[in-house]
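Subject: Structure handover

Hello,

Here is the structure I said I would pass on.

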Amino acid sequence: MEEQKKERMNRLDYWVTPGVVVKVKHKTLANGKYYNEKGVVQEVEARYVAHVKMLTSGDLLKIDQEMLETVLPALGGRVRIVNGAYR
């Protein structure tokens, strides 16, 4: 019961944090130019909007978190918990 309470208290509707590697999952952003491209969150604006620097092109984009998903790190890579009890 303690774990469930801790989980409920720390579950938030925003998860974007600086330093997290994300993937763009919005097909219509720039006519699909950035679809499935990876980037690193540089800055967070108003909890839901991230400034993402794309890894391949170096472009800096301002994207809502709904258009992004987190990327799992390679084996042995560092993991960051972005939501839940251990955030």
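Predicted model: local features only at pLDDT ≥ 70, side-chain atom pairs only at ≥ 80, totals over all residues.

Sheet. Five strands make up an open sheet, ordered β4-β3-β2-β1-β5, with antiparallel pairing. The edge positions belong to β4 and β5; each has a single partner strand, so one side of each has no neighbour in the sheet. On average, neighbouring strands are turned by 45° against each other, direction ignored. Within the sheet, β2 (residues 38-45) pairs with β3 in the antiparallel sense over 6 bridges. In that part of the structure, E43 lies opposite H51 of β3.

Core. The largest nonpolar core contains 14 residues, and V22, V52 and L68 are those with the most contacts inside it. Two or more residues each are supplied by β1 (21-24), β3 (49-54) and β4 (60-64). Of these, β3 gives the largest share, with 3 residues. V52 deserves a separate entry: with neighbours within four places in sequence set aside, its contacts are V22, G39, V40, V41, D59, L60, L61, I63 and L68.

Loop. Q65 sits in the loop between β4 and β5 (68-70). Is Q65 buried or exposed? Its relative accessibility is 7%, under the 20% limit, so Q65 counts as buried. Outside the four places in sequence on either side, Q65 is in contact with D13, Y14, W15, V16, R47 and Y48.

Regards

Terms used: Residues numbered from 1 in each chain as written. Heavy atoms only, no water. Core = buried A, V, L, I, M, F, W, Y, C linked by side-chain atoms within 4.5 Å. Buried < 20%, exposed > 50% of the residue type's maximum accessible area, 1.4 Å probe, protein only. Helix = DSSP H or I, 4+ residues; strand = E, 2+ residues; numbered from the N terminus. Contact = heavy atoms within 4.5 Å. Pairing = 2+ DSSP bridges. Axes fitted to C-alpha atoms, helices over the stretch in contact; angles between N-to-C directions.
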